[in-house]
Amino acid sequence: MSTGDRFQPVPEDHFTFGLWTFGNPGRDPFGDPVRPLPNLESIKRWLGILAEIGAYGVNLHDNDLVPFDASAAERDRIVAEFKKALKDTGLKVPMATTNLFSHPIFKDGAFTSNDPKVRAFALHKTMRAIDLGVELGAQVYVFWGGREGTEVDASKDPVTALKRYRECINFLCEYCIDNGYQIKFALEAKPNEPRGDIFLATTGAMLAFIYTLDHPDMVGLNPEVAHEHMAGLNFSHAVAQALEAGKLFHIDLNAQKLCRFDQDLRFGSEDLKGAFFLVKLLEDYNWPGMRHFDAHAYRTEDLDGVRDFCLGCMRTYKILKEKVRQFHEDEEIQAILRELNAGDEPLETRMAQYSRANATYLRDQFGYSDVADRATRGLGYERLDQLVIELLLGVRGS
Ligand code: GCO
Ligand code: MN
Ligand code: MN
């Protein structure tokens, strides 16, 4: 590790990785694992590596650490060893979640399954996983309903499915309140994969759902770059909506080509300009949450490649943060932005608040002649965007 490198990650950057990210063995629907399956020993080794390369912490699903069928004694032994490794490395566990998708029991959903026994088992498993998260110090609990969906629309009434989803989240909020847990919930949307269609497919849909819950104050969002890009959407816009609503509780950073299968690529490795505007949004608004990477190394990589992948995610974030600083210090860019945002105070005051007088002014006195020049005036966005491109390509700024 070169010292004095300003892009070297440090714990204060608050970078986190899921155990399932660096532990990903490179299995895909067409091919077997290319790297060893993770176990407690490899997890402990990775904690050491992550601490060495400057990460802040790790996040986990219950079964990333404790096998599905572990006995109570085994669970306690594993958790104790994991906690010791956390202590030795100084890494934290800011977020935890439940695996409600791998086991065949969840093949037709967990909280939205038609089968009450499956829904009850999903609650049982989630309560235990929340206990584990709280024990490890997690402040955010993520819900990703990967199996909450359909291929066969005849099989599930989508309105009933949403009611069941709501009932489960409400139940689990009460569970946390009843136990005095301070943990907050963050819901993660995805349009499809592994289901043909997943309910509440976008961050915006998830946000609307939150306000129908019994405790909307406890529940926010965990938007993911790849999921919004799979739907062909602008991720920064989704994040901005969550941020503006005070609902950005967590974030899953990665990269993805638009409208493809779930690629989970290294942060910034696709759509560099989109990644820049995402970092700009998070940094401009001093978003206090963890910069969590939910991605995995290419299938071509061995364990050294996985380390390069982890380092790459964090370095690219820091380099883009540096580019954000350059953007704000770039006189030419800032002059264009000042002009674009010059404003018109008297007019904006009239629009800010309805009154009969303001309405009368805007309806009767203000009109097309006041804006006619706007129709033909160029906005200079070609120049502005080119300046951003040149800044990102490293030929502007210092
Ligand atoms: C995916 C999801 C998951 C979740 C994880 C945490 O597409 O597989 O992004 O990685 O984020 O289960 O809830
Ligand atoms: Mn994902
Ligand atoms: Mn995710």
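Start by selecting the manganese ion (ligand 2) and the manganese ion (ligand 3): they are 3.7 Å apart, and Glu224 coordinates both. Donors here are N, O and S atoms within 2.8 Å of the metal (3.2 Å for Na, K and Ca), and water is not among the atoms, so sites may look incomplete.

Before moving on, note that this is a predicted model, in which local features need pLDDT of at least 70 and side-chain atom pairs count only at pLDDT 80 or more, while totals for chains, interfaces and linings use all residues. Residues are numbered from 1 along each chain as its sequence is written, chains are lettered from A and ligands numbered from 1 in the order in which they are written, and side-chain values use heavy atoms, with hydrogens and water left out.

**The metal site**

Stay on ligand 2. The manganese ion (ligand 2) is coordinated by Glu224 through OE and by His227 through NE2, at 2.1 to 2.3 Å. Glu224 is buried, with a relative accessible area of 0%; buried means under 20% relative accessible area, exposed over 50%, and partly exposed in between (1.4 Å probe, protein chains only). His227 also counts as buried, at 3% relative accessibility.

**Ligand 1**

Next, select ligand 1 and the residues around it. There are 13 residues around ligand 1, and His61, Glu188, Lys190, Glu224 and Asp294 come nearest; a residue is near a molecule if one of its heavy atoms lies within 4 Å of it. By class, this shell has 4 nonpolar, 3 polar and 6 charged residues. In that count, Ala, Val, Leu, Ile, Met, Phe, Trp, Tyr, Cys and Pro are nonpolar, Asp, Glu, Lys and Arg are charged, and the others, Gly among them, are polar.

Show distances from the oxygen atoms of ligand 1. One oxygen atom of ligand 1 is 2.8 Å from an N or O atom in the side chain of Glu188. For Asp294, a polar side-chain atom lies 2.8 Å from an oxygen atom of the ligand, and for Thr97 the corresponding distance is 3.4 Å. The protein covers 92% of the 330 Å² of accessible area that ligand 1 has on its own. Accessible areas come from the Shrake-Rupley method with a 1.4 Å probe; for residues, only the protein chains shown count as cover.

**Thr16**

Select Thr16, in strand E1 (residues 15–18). Helices (H or I, at least four residues) and strands (E, at least two) are DSSP runs, numbered from the N terminus. Thr16 is buried, with a relative accessible area of 0%. Its side chain is joined to that of Asn59 by a polar contact of 3.2 Å, a polar contact being a pair of N or O atoms within 3.5 Å; within protein, one must be able to donate a hydrogen and the other to accept it, and residues adjacent in sequence count only if both atoms are side-chain atoms. Not counting residues up to four places away in sequence, Thr16 touches residues including Tyr56, Pro94, Met290 and Phe293; contact means heavy atoms within 4.5 Å.

Go to Leu200, in the loop between strand E7 (197–198) and helix H7 (203–210). Leu200 is buried, at a relative accessible area of 13%. Beyond its neighbours within four places in sequence, Leu200 is in contact with Leu162, Tyr165, Ala189, Lys190, Ala205, Met206 and Phe209. Gly145 is 55 residues from Leu200 along the chain, and their C-alpha atoms are separated by 9.1 Å.

Then select Ser236 in helix H9 (residues 235–244). Ser236 is buried, with a relative accessible area of 13%. Leaving out residues up to four places away in sequence, Ser236 touches Gly274, Phe277, Leu278 and Leu281.

**Backbone geometry**

Most residues other than glycine have a negative phi, and most peptide bonds are trans. Select Glu193 and Pro194: the peptide bond from Glu193 to Pro194 is cis, with omega near 10°. Pro194 is placed in the loop between strand E6 (184–188) and E7.

Now select His14, in the segment before E1. His14 is not a glycine, yet has a positive phi of about 60°, and counts as partly exposed at 27% relative accessibility. Asp264 has a positive phi of about 50°. Asp264 is found in the loop between strand E9 (252–253) and helix H10 (272–284) and counts as buried at 11% relative accessibility.

**Last stop: Tyr361**

Finish at Tyr361 in helix H14 (residues 356–365), which counts as partly exposed at 21% relative accessibility. Tyr361 touches Leu347, Arg350 and Phe366, not counting residues up to four places away in sequence.
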